[in-house]
Amino acid sequence: MISTLLKLAGSLCFLLYGMKLMSDGIQKSAGQKLQSALAFMTGNRFMGLLTGCILTMIIQSSGATTVMLVSFVNAGLLTLEQSVGVIFGANIGTTITAWIVAYFGNGFELKDYAIPIFGLGYLIYSQKKLKAEGFGIAIMGFGILFIGLGWLSDLFKNTAFLSDIIHSLQGRGSISLAFAVIVGILFTALIHSSSAMTAIVITAASTNPDIWEFGAAMVIGSEIGSTIDSIMAAYSAKANAKRTALIHVMFNCITVIIALILFKPFLAFIDFIVPGTVQENIVYHIAMLHTAFKLMGTIVFIPFVKQIANITRKIIKDDKEENLSRYHFEYNEKAAQDTPETMIIAAQKEIAKMADIVVQMFDEIQMGFSHRDESFEKKHYSDLLEKEDYTDQMHIQLTNYLVKCSRLPVSEESLNNISCMMQIDQELESMADECLNVGSLLKKSVDKKLPFAEGDLDRLTPYVELARELLYFVHKNIDKNLNQAQLSYASEIEKQIDDERRRLKKIARSRLETGANVKAELLYIDIVRQIEKIGDRCFGIAGALAKTSVI
C-alpha cells in the first residue's frame, strides 16, 4: 500500500511539474507580450472572455491567469469590470487540459512519446543561437506531463488497491457525492491545479468506468479548490484586487452549487451529447462535463458583469485615500512564483506614478519663478518637501522590488527592462531632489531678500521652458520605447539647455566682475545649474527608454 501511494505521489509530482514547465516556458518565450493581451483589454466583456480563454489555453493554467489578473487590477492596469470577463474566460480555457488528457491518454502509450518529446525540447533549449529557450522548456514540460500521465495510467491499470478505495467510497448516495466534492476541493487546493485534478479523475476513469458520478462530483468540487491561487495573490493587495479574487470565488462557488442541485439532469445531459455510453467513452464524458460545467456558469453570469462588480464593492470597502506621507509597494510572492513577468509590468506602473509626482514638483517650482514671494513658501514649498520625501520612499522600495525581479526566471528582454527601470527610478529620484533644491533656493532668495538683476527672470523663463519641454516629453513616453528620431529630439533639447546654461552663467559672472551682489549672483548661478541637472536627468531617462522594449 505504501509503495502504491508513493508511486501515486511521484506520478502526480511529474504531472504538476510538467504543467508548470509548460506554463513557465510559454510565459518566458512570449515575454511581456503575453501579458499585454491583458494589459490592453477594453471594457468589452466578450473580448475579456475571449482573451482569458485563449491566454489560459496557451499557458495551460487558469491559476496563472487569475494571479496575473489580480496583479494587473492591483497595479491599476485593468478595471474591476474588465477583470470579470477574463475570469470567466480563464475558467473555460483551463478545460483544454482535460481534452488533451482524454485524447492523448486514450489511444496510444504516452510513455512511448514522452522521451522523444522531452529530447526535442532539450535540443531547442540548449541551442542558444535559436533564442527559443522558453519554447524548449515548454516542450520539455509537455514531455514530462506525458510521463506523469503514463505512470498514473499504469498505476490505475495494474493496482487493485486504488480501485478498491474508490469502490468503497461509492454507493452511499448523497453522502458519497458530498465526500467526492470535499475531496475535489481539498485536493485541488493542495496541488493548486484543477486541471491536474481532472487529469487524475480521467486517468482513473479510463480503467474504472464505474466512477462516473463520483468522479464527476470530484471534478465539480475542484472548481472551488482552484480559487486558492487568486485568494493568495490578493493577500495584502488593494481593494479592487481583493474584489477580483472575490469574484473568482463567488463565480466558482455559485456555479458548483447550481451544478450540484441539477446533478442528475446535468449528467444525463452530458451522456446525451457525448457519443457512446458512459462505460464505452467515460474519458470524453468527463472532459465534456468539465467544459459544459464552465460554459454553463459563464452563460448564466456574463450578462451581469456590472452587477457582480457592484456586489463586491459593497462587500469589500474602498481603500483609505492614499496620501503622500507613507509609500507602500507590495512584492507579491505568489505572483512572482506563478507569473513573474507581471511583476515587471506592476513596477512600470509605479515608475509612471513617480514620474507624475516629479512633473508636479517641477510645475510648483515654475510657480516659484512667477511668484517669488512669501506666497510660494506657504503654498508650494511644503508640498515640495512632502513629495520629495515620498519619492525617496518610492526609490528605496522600487529599487528593492526591481532587484528581486532581476532574480526571477524571466526573458532576456524583461531583464533588460528591469535594468532600464532601475536607471529611470534613480534619475527620477535625483530629479525630485533637484526640484526641491530649486525650491529651497527660491525660498532662500525670498527669506534673505536677495534681488535678482533686472531681466534675469525674463532670461530664465525660456531656459526653464526648455527643461519643462524635455521633462514633459519623457513623462509622456515613460512607458514606451523611444526610436532614434525621438532620442535625437531629446538630445537636441538637452543641447539647447546646455547652451543656454553656459550663456546665463557667463552673464552672471560678468556682473560679479563688475561688483554685483555676490550672494544674489551665486544663488542665481545655483538655480541655473540645478535646472540644467534636471535636463540631464531627463535625457538620461530618454536614453534608458530607447533601450527598453514596449511593455
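Visitor: Which residues does Glu-81 touch, not counting residues up to four places away in sequence?

Guide: This is a predicted model, in which local features need pLDDT of at least 70 and side-chain atom pairs count only at pLDDT 80 or more, while totals for chains, interfaces and linings use all residues. Residues are numbered from 1 along each chain as its sequence is written, and side-chain values use heavy atoms, with hydrogens and water left out. Contact means heavy atoms within 4.5 Å. By that rule, Glu-81 touches Val-305, Ala-309 and Arg-313, residues up to four places away in sequence not being counted.

Visitor: Where is Glu-81 found?

Guide: Helices are DSSP runs of H or I with at least four residues, numbered from the N terminus. Glu-81 belongs to helix α5 (residues 80-93).

Visitor: Which residues touch the most other members of the largest nonpolar core?

Guide: A nonpolar core is a set of buried Ala, Val, Leu, Ile, Met, Phe, Trp, Tyr and Cys residues joined through side-chain atoms within 4.5 Å. Of the 82 residues in the largest one, they are Tyr-401, Leu-428, Ile-527 and Ile-531. Helix α19 (residues 340-370) gives the most to this core, with 14 residues.

Technical notes: Helix = DSSP H or I, 4+ residues; strand = E, 2+ residues; numbered from the N terminus. Buried < 20%, exposed > 50% of the residue type's maximum accessible area, 1.4 Å probe, protein only.
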